[in-house]
Amino acid sequence: MPQKRRKTPPQPIDTSPAPVAFEAHSVPAFPIVGIGASAGGLAAFEAFFSGLPTDSYPGMAFVLVQHLSPEHKSLLAELIGRCTRLPVVEVEDGMVVQANHVYIIPPGHDMAFLNGTLQLLDPSAERGQRLPIDFFFRSLAQDQHERAIGIVLSGTASDGTLGVRAIKGEGGMVMVQNPESTVYDGMPRSAIATGLVDYVLPPAEMPAQLMAYTQHAFGKSRHPASSPTPKSESALKKIFILLRAQTGHDFSQYKPNTILRRIERRMAVHQIDAIERYLHYLQQTPAETESLFHDLLIGVTQFFRDPGAFKVLEDEVIPRLFTSRRASGDVIRVWTTGCSTGEEAYSIAMLLQEGMEAAKQSHTLQVFATDIDSRAIATARAALYPASIAADISPERLARFFIVQPDGVYRVHKSLRDALVFSEQDVIKDPPFSRLDLISCRNLLIYLGAELQRKLIPLFHYALKPSGMLFLGTSEGIGDFNDLFAVVDRKAKLYQRKDGLQSQPRLLVSRQTPPLSALNATLAGVQSKTTAPLKRPLRELTEQALLQHLAPTAALVTERGDILYLHGRSGMYLELAPGETGVSNILKMAREGLRQALGMALHQVAASRQSVRIPSLNVKTNGHFTRVNLAVCPLAAAPSESDASNPANDSLLYLVIFEQAPDAVAPAPVAVTDGVVVDIESESAVLIAALRDELRAKDDYLQSTHEELESSNEELKSSNEEMQSVNEELQSTNEEMETSKEELQSVNEELATVNAELNTKVTDLTRLNNDMNNLLAGTGIATVFVDHQLHIVRFTPSASAIINLILSDVGRPVAHMVSNLVGYSSLIADTQDVLQTMVPKVLEVQTTAGRWYSMRIQPYRTLDNVIEGAVLSFVDITETVQVRDALRKANELLRLAVVVRDAQDAITVQDLDGRILAWNPGAARIYGWSEDQALSLNVSTRIPPERRDEALATVRALGRKQILQPYLSQRIASDGARIDVSITSTALLDGKGEMYAIATTERPVAMQPSAGSVK
């Protein structure tokens, strides 16, 4: 509910500060607050604007970006307008932004901020992939820099997270709604997880903190960051000492402008005016030192940032890395410095993977990604990124290199994660990697001072291989180190390492850099190698000679038999197998007589991890057999990191040794039987031949079995490929379902917003309906609403006293109802006449209870001036009728009073007890008593004693409602004289017909002697 506002004198809305009409390329002089929300955002918006002060203006502009359904008209501007006195408008394309105004994004558009104006764009992405908050926050950060303020309120998914990074990267401020106060906490929690949020507050508390921040940051003139005072320089050095003591990192050689801007922003967050006071605050608050450290390390990064530069990298550099390699199994080493949360490192890994496949080669990819921010490294290792990265990555790469998690975030595929090594490293003081093919150092040098830049460029030259590539940011360069690097693409900032002696003097200059001592030692070695070749050690010469003359033929193989390295001449034992050549396998290349024993030996060594030796194997070589001793030994350790070309360096390797066995020469045995010499060798030759034939048959059988096994393996391989194909189809279906899920989620957010707006409308309508019911019931006016067919649509409770109605009569014709009206039966006809002529009709009617009503029949008009029925209203005029009758009677009495006043006769009124109630001027003139005197008398005072019985008889006769003729009598005057009068007596009756008084008209007469007695 909106807060009640205090009544304040009218003020112009454009004060403090005044609105600014922007021309082209003008810059607003006030902060711009972008507020993003999705589902549940309406309540947060209302709470936020209800918290704005009512007696002053905030001095900033508010731009609301809400996920709105393009199929429905937005009511957001109308609803927000109830909560604030600031003007609330829906944005039109090119609208100029003014201070103390609220701007609402229209449905079906993306919105950007440019040079003080709001620009509307058609959505470039599908419904499920739209991220209007990120889009606006990024444009706001790029246009307004430190004057950009972002606020993330209730909503699902992660829209706004990348925008928060952009605003913080430009030195702006970020607020996020407390997740406990949200309806949906997805967007706030995603923004908080970046670690870049300055304030986490409920919406109602945000305005006060926001105004305090803007007042401190922009409300007064400050010294420019480029010209610090000597006192502030001293404080700045002490801040560097605190940072180095707590974090271990030295920022004293960073660009001072950047450092001062980040420090001033932290001072604004805490409303601290002087840097000396902030230094004192740092000393007392170690947590603030950590916060300042992370603010100094804000990395503005995203996937494939600067697409043009990455396109050049993809088209010109990546192919060179593979065309320079002829054999497979080599290692491609890449170093990404200042990797932040890993987006750039993963982007380069994707390009390398695609380039390797395009070159149809198989190499090992090693991407080393380093940063000094441990939190950023942890995020990069987790490889979890918000759904908003879909705006920066093509759908093909998104489907191939990412897996959608159940909560909607993206995880980098394991095959790509395995190629990266993330580590915490300070490029300034820690030893670099070496033998690199590519170094990516983008947007790091711009924060470093000139001295550090002069030290890092030779470091990169040292770390690269000959012809290695250096990839810098669009605002960076190699300076005056043209003798170390050649330009590949100046716009994309791509350089290639130069080789040769001419670069050595420049390299040796870097030995004066203390943090790069590891480089100095290596450079000294490089210098010594270039000046004179070293003599080979005697031990090495001796070992090489012995290996060439005495070492047997050997092969280094994997557990599957793939040959990694051959030593010596192996043609006597191995030969190439017919068919397509791929990876050389020793089992396929083994000659006849060796294959079976070699396979058994490899299997036995792999199972037991013990060496196996098989002597005296007959191996067929060029038509004859040679005796061979076979030995298979497991290697105790995997190859070192330097032998990174080995693709099986994570598995146990085996050394297969072939050694020709010496032929055994022995005299043929001779047996003597009964003096006859028997040649045992000739008899055993037959047996040996038979055994050999049997052994050959066994070999043939094993060979056929082996071929059948290979055939089965081929079938299994084919089945596996089919399963992979099915898996790819399922993966494609899953991706389609994920896309549908994203679209449904987007529709759900839009419907939630529409539902919130409609709920507010329903609440308003319910309130208005209640007010109308109470209004109609409170006025007591009986009202009946009917449609064109004279069916009852609605009626007020008091109408039941006139027409017998109950709640179930709604929808029934009026003609079926029984009315309590007396003498009026043309209700239906009169109502139809009003509907035909459109002329209202007013009548007075009476009910059986005696109540009078003014009945008014008039057409029922909608807001669009459409007639949808009639309204019958009955206003109780009973009192009016009674008053009217009383006035009529009063008028009659008034006329009678005039007659009485002007009459010459004495006219009196007396009650039944004889008290005089009325005395006209004629009576005063005749009898001499004034009106006041007469009203205090009794009539018996004026009647002679002998006539009193006569007067009593007259009263009795009147009481019996008899009509009396005028008669003669006497009355006593004030002086005691008796006056003869002619009297006419009239009985006055009340409403019940009872006599309550007697009126007399008395006229003096001359008494006739002959009259006798009075009758």
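A crossing of two helices is called right-handed if the near helix is turned clockwise from the far one by less than a right angle, and left-handed if it is turned anticlockwise. Keep in mind as you look that this is a predicted model.

With that term in hand, find helix H11, residues 307–323, and helix H12, residues 343–358. Their axes come within 9 Å and cross at roughly 50°. The crossing in which H11 passes H12 is right-handed. On the H11 side, the contact is made by Phe310, Leu313, Glu314, Ile318, Leu321 and Phe322. H12 contributes Glu344, Ser347, Ile348, Leu351, Leu352, Glu354, Gly355 and Met356.

Next, the cysteines. Searching the whole structure turns up 0 disulfides. Is cysteine 339 buried or exposed? Its relative accessibility is 2%, so cysteine 339 counts as buried. Cysteine 633, with a relative accessible area of 23%, is partly exposed, because the buried class is kept for values under 20%.

Finally, step back to the protein chain. Its secondary structure comes to 28 helices and 38 strands. Of its 1015 residues, 43% are buried. Among contacts with a separation of 6 or more, 63% join residues 24 or more positions apart.

How values were computed
Residues numbered from 1 in each chain as written. Predicted model: local features only at pLDDT ≥ 70, side-chain atom pairs only at ≥ 80, totals over all residues. Heavy atoms only, no water. Axes fitted to C-alpha atoms, helices over the stretch in contact; angles between N-to-C directions. Helix = DSSP H or I, 4+ residues; strand = E, 2+ residues; numbered from the N terminus. Contact = heavy atoms within 4.5 Å. Disulfide = S-S within 2.5 Å. Buried < 20%, exposed > 50% of the residue type's maximum accessible area, 1.4 Å probe, protein only.
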